[in-house]
Amino acid sequence: MIVEDVICPFCGCLCDDIRVEVEDNKITKVNRACRLGASKIRGHERIKAPMVREDGELVETSYEEAYQRAAQILYQAKRPLLYGWCSTVCEAHKKGILLAEEVGGVIDSTATVCHGPSIIGIEEKGLAGATLGQVKNRADLIVFWGSNPAEAHPRHSLRYSTNVRGKFTEGGRSEKKMIVVDVRKTRSSRNADKFLRIRPGTDYEVISALRMIVGGNGDLLPERVAGISKDDLVDMAEMMKAARFGAFFFGLGLTHSRGSYKNIDNSLSLVNELNSHTKFMIMPMRGHYNVGGFGQVCAWETGYPMAVDFSRGIPYFNPGETAACDVLANGEADAALVVAADPASNFPWSVVEKLAEIPVVQIDPFENPTTLISDVVIPSAVAGVEVEGTAYRMDGLPLRMKKLVTSSYPSDEEVLDGIIKEVRRLGDDN
Amino acid sequence: MSPEFFKAVSVCSLSEEDYGSPELAKGEGNVLVTTPFGQVVVSVRLDEGLPQGIIFIPMGPWANALVGPDTCGCGTPRFKGIEATVEPTMAEVKGVRELFRGFGRAGP
């Protein structure tokens, strides 16, 4: 059987043109996907059965026992953290938020170590957005700032941005200009018409200098800003103003550097001001395929897109206090549920040490370093391959993920439902 | 837990000047990277796109040995722009299970 128009469950591009061949309930061929996406769809070694840690070793158990142990851990905790959610569908997010509310926990997504500062910047300033379809069909100037799509979002350029032919950009790459700003040359910068190599941690200064030039105050600038000549900055500003439709994509080079959310705030202001001259949009290059979806579900369920604390009985949001790294680093979290993510790999070590000191429940199809520090491990079906559901592309477009094969594993949603039932039973008993 | 992935994220990219410097034994062996937050042994590779004095380690368990927990009030640790020293070492790069052996429940 050939399944057309499969949506790839890897990165925020959510490429929707994948062709998958299925024989005897097994995926035999994946076409059109990048290497990263094809590897995810094909799958690899799975966690075989639920496990609980006994005498330091993970030993296999039943799903019922695993749900009970998970529920006990979360129910007994004073300040449980429910973290992850980037690589699963919105139906699971909804259950996770319900569970967080029922146990009075803190729920946060992987945005917290990724584009969390982007969300804060956008809340401060607002975002001049557009869909990737509009970018494909209209953009004649594309900026990638602190982002390396050639390696992190391999089909972005071919489907949505620099190297695609659009309705009003029929010439494709030859009709478009591409600017890359980064601290190092990358595979992406080699495809660029203009590359600005800035000193690490100087993004805010360079964005401010561009805003001055766009605003007509370039004469006040010194001859060099953060290692970049004024001529180069004037050239970039003129290229942006001269575009018919400009697109500004930014990556973790902005969110992970000095300045953090203020870098995003400043970029949003630059794009706002460019809209006095031409049409310009701005968008974060979201990483995992449905980290954007968690932000959407969390915002409509709680009013906030991440780092939501239910311990007061109402949703409370204060990143810096209620984000995953904060509640762990401050020694507040006394249990954790990790779903579809790998904080052991992606948090600073001193934070991972804190996570390893508290009981951890993991729900994931695959073993990862977080498994090594987990007390209850519950394998689930792969969302977007074995389970259908909704995911949000990096531009906020919801797409329906397909089920390609039938799995013997329960979905993340079903696992969370099982834990919620056990938590309620513990509540009834008390 | 793919060995290819862990190999790819336990490597430190160095500029041409740093890779070929006598202090780093012209890219032979591994390096010990130290920041105010920790230290870790990683392998090295040449990246001609890097300017002198800047290293790059991909996001992963090895890079995170070098990152501090402070989120500066916004929930996200600063993963980039950390001052580090790099010195040659004969020590081996730890495998992922070995790396986590010291943590909580990872067992003996």
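Predicted model: local features only at pLDDT ≥ 70, side-chain atom pairs only at ≥ 80, totals over all residues.

1. Chain A comprises 17 helices and 21 strands. Its radius of gyration is 23 Å, close to the 22 Å that the globule rule gives for 430 residues, so chain A is as compact as a globular protein of that length.

2. As to the dimensions of chain A, the C-alpha trace spans about 70 × 50 × 35 Å along its principal axes. Of the 430 residues in this chain, 57% count as buried. When contacts between residues at least 6 apart in sequence are considered, 69% of those in chain A join residues at least 24 apart.

3. Chain B has three helices and four strands, and the order in which they follow along the sequence is α-β-α-β-β-β-α. The radius of gyration of chain B is 14 Å, close to the 13 Å that the globule rule gives for 108 residues, so this chain is as compact as a globular protein of that length.

4. The C-alpha trace of chain B spans about 40 × 35 × 25 Å along its principal axes, and 32% of its 108 residues count as buried. Of the contacts in chain B with a separation of 6 or more, 69% are accounted for by residues 24 or more positions apart.

5. Two packed helices are described by the angle between their axes and the distance between the axes. On the α8(A) side the contact is made by A:Ala209, A:Leu210, A:Ile213 and A:Val214, and on the α9(A) side by A:Leu233, A:Val234, A:Met236, A:Ala237 and A:Lys241. Sorted by class, the residues of this contact are eight nonpolar, no polar and one charged.

6. The second pair consists of helix α3 (residues 90-103) and helix α12 (residues 291-302) of chain A, which pack at an angle of about 45° with their axes 9 Å apart. That angle makes α3(A) oblique to α12(A), and α3(A) passes α12(A) in a right-handed crossing. The contact draws on A:Cys90, A:His93, A:Lys94 and A:Ile97 from α3(A), together with A:Gly293, A:Phe294, A:Val297, A:Cys298, A:Glu301 and A:Thr302 from α12(A). These residues divide into five nonpolar, three polar and two charged.

7. Turning to the interface, 36 residues of chain B are in contact with 47 residues of chain A. The side of chain B that touches chain A has 19 nonpolar, 13 polar and four charged residues.

8. Is A:Thr255 buried or exposed? A:Thr255 is buried, because 30 other C-beta atoms lie within 10 Å. This residue belongs to helix α10 (residues 252-255) of chain A. If neighbours within four places in sequence are left aside, A:Thr255 is in contact with A:His115, A:Pro117, A:Ser118, A:Ser260 and A:Ile264, and also with B:Thr76. A:Met236 lies 19 residues from A:Thr255 in sequence and 22 Å from it in space, C-alpha to C-alpha.

Methods:
Residues numbered from 1 in each chain as written. Chains lettered and ligands numbered in written order. Helix = DSSP H or I, 4+ residues; strand = E, 2+ residues; numbered from the N terminus. Rg over C-alpha atoms; globule rule 2.2 N^0.38 Å. Buried ≥ 20, exposed ≤ 12 C-beta atoms within 10 Å, placed from the backbone. Contact = placed C-beta atoms within 7 Å. Nonpolar A, V, L, I, M, F, W, Y, C, P; charged D, E, K, R; others polar. Axes fitted to C-alpha atoms, helices over the stretch in contact; angles between N-to-C directions. Parallel < 35°, antiparallel > 145°, perpendicular 65-115°, else oblique. Left-handed = near helix turned anticlockwise from the far one by under 90°.
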